[in-house]
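Hi,

Here is the structure I said I'd pass on.

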Amino acid sequence: MNLLLSCKALNSICCQQEENAMSKRLKRVVLLSVVITALLACSRQEEAPPAAKQTPQAGMEKARETMREAHEGMKQVHEGMVAGMEMGKAVYEKTCAACHATGVNGAPKVGDKAAWAEHLAEGIEHLVQAAIKGEGAMPPKGGNPSLSEEEVRAAVHYMIELSR
Ligand code: HEC
């Protein structure tokens with residue numbers, strides 16, 4: 001339990017600089033993944049043969065190692081999410097902003113929480129599919145067929161993050 005608390009403390013220190021940049025939801029995901037990593041690491045440690053716990057020093061070293069692993073895992077999750085958001089931002093700015101920055105032709109405007117709340121009620125997957133296949137005045141993939149589905153998906157997530 002002490003170990004878990006330390007991991008949490010470590011997490012809050014590490015993430016402090018990114019506090020503003022990251023949304024609350026992303027932070028929750030990161031925290032959750034750290035807790036899971038720590039729990040997994042802790043249970044693995046319990047299964048270790050008694051020899052591994054022989055001295056308090058060995059125990060501490062093991063705990064430090066576990067925390068390093070948890071921290072590394074958290075960093076990777078965080079980097080993955082940042083990369084996804086950057087991809088979404090790039091696609092949005094290049095293709096989607098033409099309509100969604102201003103709300104032309106009834107496109108839900110990015111940042112308009114009320115407008116997006118209505119669309120979000122249908123579920124994120126529905127929105128992703130609508131953006132891929134097109135809907136109403138929106139052409140498939142926002143009119144840019146060279147986009148992969150992954151890129152369109154990232155753009156949808158980016159737009160939603162800015163709109164709630
Ligand atoms: C040519 C203008 C235009 C472009 C470019 C465009 N959209 Fe749209 N988008 C619209 C319009 C108009 C709607 C509303 C459609 C409707 O409700 O009939 C819409 C709706 C949406 C919705 C909500 C769909 C739903 O079912 O609620 C999403 C999500 C979306 N767009 C994502 C994107 C993404 C991602 C891109 C860039 C890859 C993009 N759009 C580019 C015009 C555009």
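First, the housekeeping. This is a predicted model, so to speak: local features need pLDDT of at least 70, side-chain atom pairs count only at pLDDT 80 or more, and totals for chains, interfaces and linings use all residues. Residues are numbered from 1 along each chain as its sequence is written.

The chain has six helices and zero strands (DSSP runs numbered from the N terminus: H or I of at least four residues for helices, E of at least two for strands). Of its 164 residues, 21% count as buried, meaning 20 or more other C-beta atoms within 10 Å of the residue's own, with C-beta atoms placed from the backbone. Among contacts (C-beta atoms, placed from the backbone, within 7 Å) with a separation of 6 or more, 69% join residues 24 or more positions apart.

Now α6: its 13 residues reach 18 Å from first C-alpha to last, close to the 18 Å expected (1.5 Å times one less than the number of residues). Its buried residues, including Val 152, Tyr 158 and Met 159, pack against α3 and α5.

Those helices turn up again at the ligand. It is surrounded by 26 residues, with Cys 96, Cys 99, Gly 136, Met 138 and Gly 142 the closest (near means a C-beta atom, placed from the backbone, within 6 Å). α3 (56–100), α5 (124–133) and α6 (149–161) each supply at least two residues of that shell, and α3 gives the most, with six.

Cheers

Definitions and conventions: Buried ≥ 20, exposed ≤ 12 C-beta atoms within 10 Å, placed from the backbone. Contact = placed C-beta atoms within 7 Å.
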